[in-house]
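Subject: Structure for your review

Dear colleague,

Please find the structure below, together with its sequence.

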Amino acid sequence: MSPAPRWWRLEMEAPPELEESLLWKLPSLGIRRVAIQFSPDQPREHQLVAWLPEVDWPQPERLRLAEELQRLTEPFAIDLPPLTWALQDEEDWSLSWKRHWQPDPVGERLLILPAWLEPPVEYAGRELIRIDPGSAFGTGSHPTTRLCLEAMERLAPIDQRVADLGCGSGILGLGALRLGARCVAAADTDPLAVRATTSNAELNGSPVRPGGPLQVVEGSALELAVLLGEAGPADLLLCNILAPVIAELAGQFRSLLAPAGVGLLSGLLVDQAEELCRLLALEGWRAELVASQGVWGLLQIQWCRAVIPVDVA
């Protein structure tokens, strides 16, 4: 009888600058058993936990993984936190996974709830967003997601049409629906994210179907504009994507956001905000840094008609 397989348990601190990049990079390397461990009492102290089959990750491969993760730190000029490796015997992964998640209140009205849990009585009255954390496409723990959800709560998008560009797990669109939005059109270039959004929509009683409150398409700004359809640009644009991608997409925001609408742009570092505001102004948008958490910031944008200089001489 062959011995039971064993697993490497990888742990490392997840600095706020790196968390989003880590959650993107690890699945791209075939590492999908990933969790971000944190307590709502200490929301800024995050620990990444991942499980890798021992047979597939000998020492040379683990060293190469560390090198890959080190490259993620270069845009932020920080050091990669130490990686801790420990061997574990085979276990029930679903139970192990679930131990790392708990109800997570956001703002005054929302509660992010792992799909298998019942809402605690102390959070009665909050609007539930049920999420399957297994997809690692956004569970509400990252500051950029929380900034967007809290800003949406302040804006109160009642009966509004919402566009979610780079939807990930769908958590922002689902939050918009819970806060009173009429409908959400969502897009992501990653087919796994589209699948995650579709699955989480089912969990929340808003299945993706023609005429349903939430629609999702694989693609970027062009495909999202098509999904918005004849009704035209949305009242509220959500875009939780890293700053360089926001800069690339800024020229297409007019096809997604109505002239009187409001956009919430997250995924950017506070020290990137000034340059991003300048680039958005060149595209006709008035942008303002309206909230921050740690190193991460949130921009709010609105259309600003260009002023045409008049020669009075």
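Helix H6 (residues 191-203) lies across strand E9 (183-188) and strand E10, and runs at about 165° to E10. Helices (H or I, at least four residues) and strands (E, at least two) are DSSP runs, numbered from the N terminus. Axes are lines fitted to C-alpha atoms, for helices over the stretch in contact, and angles run from 0 to 180 degrees between N-to-C directions.

This is a predicted model, in which local features need pLDDT of at least 70 and side-chain atom pairs count only at pLDDT 80 or more, while totals for chains, interfaces and linings use all residues. Residues are numbered from 1 along each chain as its sequence is written, and side-chain values use heavy atoms, with hydrogens and water left out.

The sheet

E9 and E10 belong to an open sheet of 7 strands with mixed pairing, in the order E10-E9-E8-E11-E12-E14-E13. Two strands pair if DSSP finds at least two bridges between them. The edge strands, each pairing on one side only, are E10 (214-218) and E13 (285-293). From one strand to the next, the twist averages 15°.

Strands E12 (residues 257-269) and E14 (residues 296-303) run antiparallel and are joined by 5 bridges. Leucine 265 has leucine 299 in E14 as its bridge partner. Helix H4 (residues 143-155) packs on the sheet, where it touches E11 (234-240), E12, E13 and E14; contact means heavy atoms within 4.5 Å. The direction of H4 makes about 150° with that of E12.

Helix pairs

H4 also has a helix partner: its axis and that of helix H5 (residues 171-178) come within 10 Å and cross at roughly 20°. H4 and H5 are therefore roughly parallel to each other; angles under 35 degrees count as roughly parallel, over 145 as roughly antiparallel, 65 to 115 as roughly perpendicular and the rest as oblique. In H4, Thr145, Cys148, Leu149 and Met152 meet Ile171, Leu172, Gly175 and Ala176 in H5.

Helix H1 (residues 16-28) packs with helix H2 (residues 59-72) at an angle of about 140°, their axes being 10 Å apart. H1 is therefore oblique to H2. Leu18, Ser21, Leu22, Trp24, Lys25 and Leu26 of H1 meet Leu65, Glu68, Leu69 and Leu72 of H2.

Yours sincerely
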